[in-house]
Amino acid sequence: MLRSVKPPAISEKPELRAWQRMLSGRRLDLLDPSPLDIEIEDIAHGLSRVARWNGQTIGEHAYSVAQHSLLVEQIFGLIFPRATPEQRLSTLLHDAAEYVIGDMISPFKAVVGGDYKSVETRLQRAIHLRFSLADGAGDDLRRSIKRADAVAAYYEATRLAGFSEPEAAEFFGRPRGIDPDRLELMPLPTRSAQTRFLERFAALDQLRSEG
């Protein structure tokens with residue numbers, strides 16, 4: 001008579017970790033980020049170590065998202081000289097979520113789809129709350145930041161990432177009225193990019209508090 005043999009118990013899979021430990025000691029939940037777990041020092045540290053263009057840029061150092069953020073804020077100020085400190089602070093932090101999720105190039109974002117965008121949106125919302133910025137920034141401001149971002153992308157593409165001018169113009173548009181010689185496009189060492197990002201944040205935050 002055959003006897004059935006009870007199969008061994010299958011251990012349950014451990015719960016997937018959805019948080020990241022920051023150097024500040026904060027533990028940031030990626031799926032439900034709390035503004036209380038966000039520190040500007042962590043953002044500056046992370047962004048200064050995330051490479052734009054997947055690292056495919058000229059120079060001894062990677063061109064970081066921290067330096068890109070500084071460039072976009074500078075261009076935003078040139079295009080909109082009457083912008084408020086709060087608007088410029090929102091511009092400086094427009095890619096701040098990338099200190100956690102990295103800088104994914106646009107073609108890959110299109111392949112990944114909505115999941116990436118939903119995580120990015122939640123993180124950006126928490127960052128806005130943390131620094132008392134208008135949630136979502138408003139459609140007009142978003143469009144203005146996007147305009148400055150496109151100018152930055154054009155000059156990064158042509159000066160650093162090997163794009164021809166016609167190719168860059170096709171993807172980002174051709175800038176008008178911005179002198180590239182006034183822009184700092186040479187990739188900075190990590191520590192310099194981190195320090196400059198923190199200094200610019202502090203300066204804008206101080207101007208906002210005085211307004």
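The buried residues of helix α1 are Ile40, Asp42, Ile43, Ala44, Gly46 and Leu47, where buried means under 20% relative accessible area, exposed over 50% and partly exposed in between, with a 1.4 Å probe and protein chains only. Helix α1 (residues 40-47) is thus mostly covered, with six of its eight residues buried. The model is predicted: local features need pLDDT of at least 70, side-chain atom pairs count only at pLDDT 80 or more, and totals for chains, interfaces and linings use all residues. Residues are numbered from 1 along each chain as its sequence is written, and side-chain values use heavy atoms, with hydrogens and water left out.

**Chain overview**

- The chain has nine helices and two strands; helices (H or I, at least four residues) and strands (E, at least two) are DSSP runs, numbered from the N terminus.
- From the N terminus on, the order of elements is β-β-α-α-α-α-α-α-α-α-α.
- The chain has 211 residues, and 41% of them count as buried.
- Among contacts in the chain with a separation of 6 or more, 66% come from residues 24 or more positions apart; contact means heavy atoms within 4.5 Å.

**Helix α2 against helix α7**

- The axes of α2 (residues 65-79) and α7 (residues 139-159) come within 8 Å and cross at roughly 115 degrees. Axes are lines fitted to C-alpha atoms, for helices over the stretch in contact, and angles run from 0 to 180 degrees between N-to-C directions.
- The crossing of α2 past α7 is right-handed; a crossing is left-handed if the near helix is turned anticlockwise from the far one by less than a right angle, and right-handed if clockwise.
- On the α2 side, His68, Leu71, Val72, Ile75, Phe76 and Ile79 take part, and they meet Leu141, Ser144, Ile145, Arg147, Ala148, Asp149, Val151, Ala152 and Glu156 in α7.
- The residues of this contact divide into ten nonpolar, two polar and three charged. Ala, Val, Leu, Ile, Met, Phe, Trp, Tyr, Cys and Pro count as nonpolar, Asp, Glu, Lys and Arg as charged, and the others, Gly among them, as polar.

**Ile75 in helix α2**

- Ile75 is found in α2 and, at 0% relative accessibility, counts as buried.
- Not counting residues up to four places away in sequence, Ile75 touches Ala148, Val151, Ala152 and Leu183.
- Ile75 and Ala148 are 73 residues apart along the chain, and their C-alpha atoms are separated by 5.7 Å.

**Helix α2 against helix α9**

- The axes of α2 and α9 (residues 190-210) come within 9 Å and cross at roughly 40 degrees.
- The two helices are therefore oblique to each other; angles under 35 degrees count as roughly parallel, over 145 as roughly antiparallel, 65 to 115 as roughly perpendicular and the rest as oblique.
- α2 passes α9 in a left-handed crossing.
- Ala66, Ser69, Leu70 and Glu73 in α2 meet Ala193, Arg196, Phe197, Arg200 and Leu204 in α9.
- Five nonpolar, one polar and three charged residues make up this contact.

- Ser164 caps the N-terminal end of α8, with a side-chain oxygen 3.2 Å from the backbone nitrogen of Glu167.
- Gly173 follows α8 and has a positive phi, near 85 degrees.
- Pro187 lies in the loop between α8 (165-172) and α9, and at 7% relative accessibility Pro187 counts as buried.
- Leaving aside neighbours within four places in sequence, Pro187 is in contact with Ile58, His61, Ala62, Tyr63, Gln67 and Leu160.
- Pro187 and Gly59 are 128 residues apart in sequence and 6.4 Å apart in space, C-alpha to C-alpha.

Note on methods:
A polar contact is a pair of N or O atoms within 3.5 Å; within protein, one must be able to donate a hydrogen and the other to accept it, and residues adjacent in sequence count only if both atoms are side-chain atoms.
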